[in-house]
Each structure stands twice: as C-alpha cells, then as structure tokens.
Amino acid sequence: MTVLEEFVNTFSRLPGIGRKTAQRLAYHFLQVEQSVANNFADQIHRLRASTIHCNHCGCYSESEECPFCNDPNRDRTQLCVVAWPQDAANIEASHAYRGLYHVLSGVIAPLDGVGPEDLYLDLLEERIKTENIQEVILATNLSPEGDATALYIQRLLNNYPITISRIASGLPVGSELEYADQQTLSRSLKGRILLSSRGS
C-alpha cells in the first residue's frame with residue numbers, strides 16, 4: 001500500500017468523510033505549498049496536545065476549568081446534561097442557553113457494552129448534592145440510546161428537589177445534536193418537556 005493510499009484510508013474513517021472526499025483531500029495536500037501541509041499537521045498536533053477535559057463538567061478546555069464553568073455570569077442553577085463535549089458546543093452556538101453543562105462521555109448502549117457505570121453519573125449526582133442546581137435539562141440525542149439514558153437519569157435524580165426537563169420540540173426522532181442547526185437547537189431548549197418538578 002502506498003503512502004497516498006494509507007492517507008486516503010485514514011481520512012475516509014473520519015466522520016462525514018467518504019473515500020471520494022478523502023481522495024480529494026489527499027490530492028489537495030499534494031498540490032499546496034509544503035508550508036500549508038506542515039501547518040495543518042502542526043495544528044492537529046497542537047489540538048491533541050493542548051486540549052483536555054474540564055475537571056468540573058467534562059467539556060473540552062485548554063485549562064483545568066473550561067470557559068463555561070469559569071464564567072461568573074452563567075446561570076448556575078441550570079445544568080444541561082449532554083453525551084459528548086461537542087454537544088455542549090453546538091448548544092452553546094444556539095445562544096439559547098446560559099447555564100452550566102455536564103458531559104456524560106457517552107450514552108447507555110448495552111449492545112456496545114456501555115452501561116450506566118461507564119458514564120459520569122456519579123459525578124452528576126454529586127453536583128446535584130453539592131451545587132445550587134434547580135433544573136437539570138436532559139439533552140441527549142433523541143434516539144433509543146439517548147432516550148434510555150435520559151430515562152435512567154430521570155429515575156436517578158427523581159428524589160432530589162429539582163426540576164427535570166427534556167429537549168424535544170424541533171428535533172425529529174433519531175436526530176443527533178451534532179448535526180442540528182442553531183435555530184432548531186434553540187427551539188428545542190425553549191420548548192423542552194417537563195419530566196418532574198422539585199422531586200415530584
């Protein structure tokens with residue numbers, strides 16, 4: 001296998017990039033100045049080297065505490081629970097939410113061997129106990145796995161004196177937050193469904 005073929009195979013495994021797109025990228029990098037290709041490689045290295053998970057919420061950050069957790073102007077009574085850091089970034093881009101986040105780092109998916117114990121649910125429960133959280137917004141994908149995860153969290157937190165809601169309006173069943181546009185996410189947050197209120 002040639003270096004070109006290895007490049008195409010590697011890039012075609014990236015999300016949203018098929019073999020034809022990978023080939024176009026490969027030929028593009030062969031045609032640009034060497035400095036452009038070097039800069040691209042350097043950016044990938046710097047991204048991996050400088051980006052970590054926030055110690056508090058799990059979002060991506062370049063320091064121990066992310067900009068969301070470090071912002072004193074955010075509503076610290078609201079906690080939006082998402083599966084992945086990129087989901088928080090997409091919700092943030094909608095400008096419809098100004099609370100805090102909690103990243104689970106996955107969803108319950110028995111067929112993939114992922115159970116509740118594999119998610120950051122213990123840290124979520126600890127935050128509910130120690131922080132002034134009044135509402136938890138469940139913003140997992142509207143898929144079987146996302147719904148199962150949301151239902152599990154609802155039952156886990158049902159006895160706490162908090163309001164629990166679930167994003168709904170605007171997002172079709174089976175859709176993923178990563179691919180939703182900002183206006184749709186905004187409507188989903190504003191039209192969220194109340195699941196329980198103050199531990200009822």
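1. What does the accessible surface of the protein come to, and what share of that surface belongs to carbon and sulfur atoms? The total is about 11,700 Å², with 52% on carbon and sulfur. Accessible areas come from the Shrake-Rupley method with a 1.4 Å probe, and for residues only the protein chains shown count as cover.

2. Ground rules. This is a predicted model, in which local features need pLDDT of at least 70, side-chain atom pairs count only at pLDDT 80 or more, and totals for chains, interfaces and linings use all residues. Residues are numbered from 1 along each chain as its sequence is written, and side-chain values use heavy atoms, with hydrogens and water left out.

3. Overall layout. The protein has seven helices and seven strands. Helices (H or I, at least four residues) and strands (E, at least two) are DSSP runs, numbered from the N terminus. From that end the order is α-α-α-β-β-β-α-β-α-β-α-β-α-β. Of the 200 residues, 39% are buried. Buried means under 20% relative accessible area, exposed over 50%, and partly exposed in between (1.4 Å probe, protein chains only).

4. Contacts. Take the contacts (heavy atoms within 4.5 Å) between residues at least 6 apart in sequence: 57% of them join residues at least 24 apart. Glu135 lies in strand S5 (residues 135–138). Its relative accessible area is 13%, so Glu135 is buried.

5. Helix H2, geometry. H2 covers residues 19–31, which is 13 residues. The expected span is 1.5 Å times one less than the number of residues.

6. Ala22, Ala26 and Phe29 are the buried residues of H2. Seen down the helix axis, they fall within an arc of 65°, so they line one face. The arc is taken over the directions from the helix axis to the C-beta atoms. An α-helix has 3.6 residues a turn, so residues three or four places apart point the same way. Cover for the buried residues of H2 includes helix H1 (3–11) and helix H3 (34–50). The face turned away from the buried side carries exposed Lys20, Arg24 and Gln31.

7. Salt bridges. The whole structure has five. The criterion is a side-chain nitrogen of Lys or Arg within 4 Å of a carboxyl oxygen of Asp or Glu. Asp71 pairs with Arg98, with the closest N and O atoms 3.2 Å apart. This pair links distant parts of the chain, 27 residues apart: Asp71 is in the loop between strands S2 (60–61) and S3 (75–82), while Arg98 is in the loop between helix H4 (85–93) and strand S4 (99–103).

8. The network. Arg98 also meets Glu92 in a salt bridge, at 3.8 Å from N to O. Asp71, Arg74, Glu92 and Arg98 are linked in a network of salt bridges. Which of these residues are buried? Asp71 is, at 18%. Glu92 is too, at 16%. Arg98 is partly exposed, at 43%.

9. A separate pair to inspect. Arg127 and Glu131 form a salt bridge with the closest N and O atoms 3.1 Å apart. Arg127 is buried, with a relative accessible area of 4%.
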